[in-house]
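User: Hi, could you walk me through a structure? I'll ask as we go.
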Amino acid sequence: MMRSFRDVLQAAQRGRPSRIAVAVAEDEDVLLALADAYRHGLAQAALVGDRDKIKAAAGRAGIELGGFDIVHEPDAKAAARQAVALVSSGQAQLVMKGLISTADILRAVLDKEIGLRTGRVLSHVAVMEIDGYDRLMLLTDAAMNIAPDVSQKAQIVQNAVIVAKALGIKQPKVAPLAAVEVANPDMPATLDAAILAKMADRGQLKGCLIDGPLALDNAVSPEAARHKGITSPVAGMADILLAPNIETGNALYKSVVYFAKAQIGGIIAGAKAPVILTSRADSPQTKLNSIALGVIVSQLG
Ligand SMILES: CCCC(=O)OP(=O)(O)O
């Protein structure tokens, strides 16, 4: 089981090098991460974007672009489509978000003609390495599904389970988060969590153990769960945190980065190929973590 991003990087290095199609690549931090990924033997890249701006960003970052192809497309939305088309045509294995909004890259990923739809719900899965925890923890969905209903949440869990398996977590424990630990008809997140737990009891959710609702403290802290008298196989031991909505997920993602200085990486799962998707403001290290994560998920088979 992988316990750190160093483990994830090493696992990604064991596979064959992947080719990443980067949408709007004119960003220093994106190029720094790609140069590192190239140096580690993880991936080559097709940089789709404005050629002059890509070269200028590479110059500012002190990067040689020798190992990369540039596909000149100055319009951001067209660049996103080109990057996705490179993957759907088999010329690359992963897409990466560059200097473009999440909504614009996802529009290309969901495009009926050249997109990467599978019929499944697509969802963002973040992996967090937080000081003081002996395991990697997953968080979903911080970036894509705004207010998922319970059946979408079930599919979001299944996407996260696939990523957990790629990390070597055999039977991930899933905590659907809420503000309290009891089902309360006035709090829809608690009802969804209770339904998901019952769906798991009845075998409707595969490959994981779910219990909830759980508040964040008793999802990740055995002491907090004990203190509140919660007995549950998931309490205090969660591997996957299921956010009730995008605001909770996005704030939790950014709070572990900015307050806890955690290592993080993220991808969109559920498409034909992983989409490496971080915040534009995330560090080159986070972008490298996400590339390594995308590579191991894409090589699951
Ligand atoms: C995984 C976070 C996605 C996000 O919030 O992206 P931006 O900060 O670039 O909007």
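User: Where does proline 213 sit?
Analyst: Proline 213 is in the loop between β8 (209-210) and α8 (216-220); helices (H or I, at least four residues) and strands (E, at least two) are DSSP runs, numbered from the N terminus. The peptide bond leading from glycine 212 into proline 213 is cis, with omega near 5°. This is a predicted model, where local features need pLDDT of at least 70, side-chain atom pairs count only at pLDDT 80 or more, and totals for chains, interfaces and linings use all residues. Residues are numbered from 1 along each chain as its sequence is written, and side-chain values use heavy atoms, leaving out hydrogens and water.

User: Thanks! And what joins threonine 140 and aspartate 141?
Analyst: A cis peptide bond, with omega about 5°. Aspartate 141 belongs to the loop between β6 (137-140) and α6 (150-166).

User: Switching to the ligand: which residues are around it?
Analyst: Lys97, Thr102, His124, Ala143, Asn250, Tyr253, Lys254, Ser279 and Arg280, each with a heavy atom within 4 Å of the ligand.

User: How far is the polar side-chain atom of lysine 254 from a ligand oxygen atom?
Analyst: That distance is 2.7 Å. For arginine 280, a polar side-chain atom lies 2.8 Å from an oxygen atom of the ligand, and for asparagine 250 a side-chain N or O atom is 3.0 Å from a ligand oxygen. A polar contact is a pair of N or O atoms within 3.5 Å.

User: One last thing, what is the phi of valine 24?
Analyst: Valine 24 has a positive phi of about 65°, although it is not a glycine. You'll find valine 24 in the loop between β1 (18-23) and α2 (28-39).

Definitions and conventions
Polar contact = N/O pair within 3.5 Å; in protein donor to acceptor, adjacent residues only side chain to side chain.
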